[in-house]
Amino acid sequence: MKLRADVRVGRGDRTIAAHVVADPSRRVVIVGPNGAGKSTVLAALAGTVRLDEGRIELGDRLLADTDTDVHLGPHERNVGVVFQDGLLFPHMTVLDNVAFGPRSRGASRDRAGRRAREELERFDLHSLAEARPRALSGGEAQRVALARALAAGPDLLLLDEPFGALDVTSRVEVRRAVRLALDESSATAILVTHDPVEALAMGDRIVVMEKGRVSQSGSPDEIRARPRSAYVGDLVGLNVIHGRGQGDSVEIPGDTALTLAEPMDGPVIVTFHPHAVSLHATRPEGSMRNVWETSVRHVEHFGGRVRVELDSPPGAAVEVTGAAASELGLAGGRRVWASLKATEIGCFPA
Amino acid sequence: MKRTRRWDLGPPGVSRVLRGSVLALLLLSPALAGCSNASNDDAVVVFAAASLTEAFEEIGEELERTDDVAVTFNFGASSDLARSIVDGSPAQVFASADEAMMDLVVDEGVARDPEVFAASDMAIAVAKGNPLGIEDLGDLERISVALCAPEVPCGRYARDVLEAAGVSVDARSLEPDVKAVLARVALGEIDAGIVYGSDVASSDDVSAVSIPDGSNVVARYPIALIGDAPSETALAFYELVVSDAGAEILERHGFERP
Amino acid sequence: MLALVGAAFLALPIATILWRAPWSRLGELLASEELVTTLRLSLFCSLWATALSALVGIPLAWLLARGSFRGKRFLRGLVILPVVLPPVIAGLALITAFGRSGVMGRWLFETFDVSLPFTTAGTILAETFVAMPFLVLAVEGALRSTERGYEDAAATLGAGSWTVFRRVTLPAIAPALLSGALLAWARAIGEFGATITFAGNLPGATRTIPLAAFFALQREPEAAIALSLVLVAVSLGVLIGLRDRWLVRA
């Protein structure tokens, strides 16, 4: 079912606002740094938090609308949630946990039990049916939580950092289970994560939230091609710098200008890959037009590669080989020359 | 430095808080409090029937004024007081609402030579102004009634009165002492109660309906000194109660001379 | 040294009541018709008081633990008040509220012809008044410490608020509810001051064990001690029932 949500919720002295649209049976990933308001948006969709303003529609059902004072409780929405820490009911067996949804929606004990067993079988959990939640590993618990949410037959499935509390092995196991579940289910799904790899791998559509606002949304390809903030740039591994275009020159912070291959006017966003920048001890010879002198802010080693952060453009990241780094004697405060080919620079209107 | 009192623990350097709390401890402990009272010759502890409350308080004030002594009262059901005296309560004078309870104390050898000093008949206590128009004991059958519990003297007297009148009353409550019965009537929770005539006479909150002589009984109040060596103050209180002056005060509070 | 004095002070009266108990006549004393009536009445009233405490106390605890409203601290203070209020004052307060000329009492009497003082219902009311705080505080504490997320999770699975309460909240607070109910029951069955003040003293209707013991003391001390033994047994039973919560404290 199609989800159309305009969410505005006050949280202390700030407001979380997000517009989220999800096409039927598609997966939307909400990604953003911790504290961006992602979980609040999910809670608003689930109905455990009331909207201060806005409207939520799921298929042809109106779940909430502050204009007409509609607010369906969580139990009336048919929206399933998988919580970060699972929240399996500790006093019930795994089977009773999974049967809880069908039972609450009026299924007989037998029917609910059968439904729960099917769901457990699908996730290869049937041997744990009589176990208590505290006896499960983190990965098992999260798979049971997934089975429990799906057994209720939700129209919309919300997953709140479902891998967040897991170790690496369990992560893989649960991620596989979530893929399986989403592929087989007709439910529209929204997954919240702060992990960019996860976001880009699992989403049909990405919504990026920063500081309580949606900073960008689009398909993973669109996000990759046109990151609009430093945070999204980090997600996709690009430097993202806001500037002002004038002909084929862009003024950027740090009293620098970059030359573009194609002219563009007005507020623009320029992107370039950390590999695209070369560092030199002295001013490089040649026809390159983007050459500037700057200081190194600091240096980080990743295996054979070295990540260097520059003073200009402020915070720009550059990646060089370990050999090049030691040859240049790179360290915080070192003056270097940087060069960047115009053809390596992406540019689009801000 | 004066050290006449036991709880005066030391030089002024001892904090007042500490002395205060020690004093509180002494007061909380009946045995210790008893000791200090016995040793203190200008104070007396009187245990008396609840019905004597107002009259005895006036007699106590009289004694305090003339003799510069302290009189401490414990009013309650005579049966309750008698038991606690037998159990060793620090009473120096006991005034009972019936002779049976006094006999109990005398039989235990705790008191000697009781003297009856006052008497009271029984009466019906009703709400101020008698709004229900109660006229006699028979009327009690159709209203709510509180009596003293049969364990206490006023309960026994009430039972005797009802028996003599041939009236059977389903009491709503059996109270621990006569003042509790009066309180029920005064608060309007209960329509009527059978109490001592003296009680109704001394109360501003209830009215009295008298019981005809034929079915009434007379409660006789004996008083006695407790222990073998009564203090002078105890003796002074005792003598004031049985004197003409005492009798006048008792009469003002509705009691009769025996 | 003072610790030993303290321990002896607490232990001695209990020991002596056991020592002075008329063990040989105990069966006979407790089997007398009067005492059987008293015991039955006490049990009846205290169980009702516990049930009523749970019925209105659990929602009250829920409100205190989960609600957010003005005057919540005031309400909590009000709930705790009967614990520290002298029972006789509690009884007096009940008279002013539910007595025949009390605010509620007059209305009840005029509208439904119901009068609470001096009735078994009045005894139950008085016992509930003093016992309920124990249950409310125990349940409130438990509700505070349970994870709200479980209730949200149950709701997203389609459970209405009653189902959530019955299948998720209640099992989570069950141990606290049980111990709270046990405490409330012990408080109710031992209640004296509020009961005698509000409900009076009438064998078979409002004379519970403590009242009977009080009056028996003036007439037949052995019977009073026999009755006291029943309450000592109740207290010990409650203590044993709650030993995991109180006696095991590292």
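## Where chains C and B meet

The contact (heavy atoms within 4.5 Å) draws 22 residues from chain C and 20 residues from chain B. Keep in mind that this is a predicted model, where local features need pLDDT of at least 70 and side-chain atom pairs count only at pLDDT 80 or more, while totals for chains, interfaces and linings use all residues. Residues are numbered from 1 along each chain as its sequence is written, chains are lettered from A in the order in which they are written, and side-chain values use heavy atoms, with hydrogens and water left out.

**The interface**

- Chain C and chain B bury about 1700 Å² between them, taken as the accessible area (1.4 Å probe) that the two parts lose on being put together, summed over both.
- Carbon and sulfur atoms hold 50% of that buried area.
- On the chain C side, C:R100, C:F118 and C:Q218 supply 41% of the area that chain C buries against chain B, more than any other three residues.

- C:R100 pairs with B:D191 in a salt bridge, with the closest N and O atoms 2.6 Å apart.

**The face of chain C**

- Three helices, α5 (87–98), α10 (193–198) and α11 (209–216), each give at least two residues to the side of chain C that touches chain B.
- α10(C) has the largest share of that side, with three residues.
- By type, that side splits into eleven nonpolar, eight polar (Gly counts here) and three charged residues.

**The chains themselves**

- Chain C has 13 helices and zero strands, whereas chain B has ten helices and nine strands; these are DSSP runs, with at least four residues (H or I) for a helix and at least two (E) for a strand.
- The C-alpha trace of chain C spans about 65 × 55 × 35 Å along its principal axes.
- Buried residues (under 20% relative accessible area, 1.4 Å probe, protein chains only) make up 45% of the 250 residues in chain C and 48% of the 258 residues in chain B.
- Chain C exposes about 12800 Å², 71% of it from carbon and sulfur atoms, and chain B comes to about 11900 Å², 50% of it on such atoms; both areas come from the Shrake-Rupley method with a 1.4 Å probe.

Notes:
A salt bridge is a side-chain nitrogen of Lys or Arg within 4 Å of a carboxyl oxygen of Asp or Glu. Buried means under 20% relative accessible area, exposed over 50%, partly exposed in between (1.4 Å probe, protein chains only).
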